Amino acid sequence: MSEAPNSNDVEKALRRRSRAVAVLAVVLMSLQGAVLAATEHVTLNGGRLVDKVQVGAFVFLALALMLNVLTGGRRSRKYPAMNDELVRANRARASKLGYVVTMLALIGVYVAMLLVPLDVYKYIPLLVTFGIVVPALYFSVLERKGEKGG
Amino acid sequence: MAEAALRNRLKEARSELGLTQAELAVRVSVSRKTINTVENGVFVPSTTLALKLAAALGRKVEDLFQLTE
């Protein structure tokens, strides 16, 4: 009798995590314009406070999303089934895709840098976003698969 | 050499015991979704999980999982 609610709690927590990852990924993407603009103005000793806050928020959000995808978040400590082997397999597939797209993006920037003058540091937020958002969205899609049935 | 496909009789074995996916999931400490994807052949479980499933259903692993050419 007590087993079913536990399973339902896990189901709800899994769905919530999948949604949260997708939402965080979209928020991170939506910050791109502001962060790219802010990056040009922020220096160690100067720059406007608003730019520093935007860059700080971007870094915090990027790290939070990456950690959420890689570790499963705090809730998975309460529910070990949220970190079972299907989740670990989905995480591995998403991480592999993230590695591939990040390397491709870096190679693309490197080639572009050889052909045209490019201030690469300005595009680092874009590369970071690419390397975090793509696997995060893929992980979210994989996690939604298999929810129906049973 | 072509890789052999894995067929499973997990759903039949579970149904015979009158268990839901959620109940079996709790018995082997995974999510219902994991049971669902194994039953549908979307996810191939590890040896550990296959052994846990067999133990939870009172079957041998080879009764639940077979290779097909």
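Predicted model: local features only at pLDDT ≥ 70, side-chain atom pairs only at ≥ 80, totals over all residues.
The crossing of α5(A) and α6(A) is right-handed, in the sense that the near helix is turned clockwise from the far one by less than a right angle, anticlockwise being left-handed. Residues are numbered from 1 along each chain as its sequence is written, with chains lettered from A and ligands numbered from 1 in the order in which they are written.

To return to the pair, α5 of chain A covers residues 85-115 and α6 of chain A residues 124-144, and they pack at an angle of about 155° with their axes 8 Å apart. That makes α5(A) roughly antiparallel to α6(A), the word being used for angles over 145 degrees. The axes are lines fitted to C-alpha atoms over the stretch in contact, with angles running from 0 to 180 degrees between N-to-C directions, and the helices themselves are DSSP runs of H or I of at least four residues, strands being runs of E of at least two, numbered from the N terminus.

Which residues meet? On the α5(A) side they include G98(A), V101(A) and A105(A), and on the α6(A) side they include F130(A), V134(A) and Y138(A), where contact means C-beta atoms, placed from the backbone, within 7 Å. The residues of this contact divide into 13 nonpolar, five polar and three charged; Ala, Val, Leu, Ile, Met, Phe, Trp, Tyr, Cys and Pro count as nonpolar, Asp, Glu, Lys and Arg as charged, and the others, Gly among them, as polar.

Turning to the two chains, their contact takes 18 residues from chain A and 20 residues from chain B. On the side of chain A, the elements that give two or more residues are α1 (3-30) and α5, and α1(A) gives the most, with seven residues.

Chain B, finally, has five helices and two strands, which follow the pattern β-α-α-α-α-α-β along the sequence. Its C-alpha trace spans about 40 × 20 × 20 Å along the principal axes, and buried residues make up 38% of its 69 residues, buried meaning that 20 or more other C-beta atoms lie within 10 Å, exposed 12 or fewer, and partly exposed in between. In the loop between α2 (21-28) and α3 (32-39) of chain B sits S29(B), whose phi is near 60°, a positive value in a residue other than glycine. S29(B) is partly exposed, with 14 other C-beta atoms within 10 Å.

Conventions
Parallel < 35°, antiparallel > 145°, perpendicular 65-115°, else oblique.
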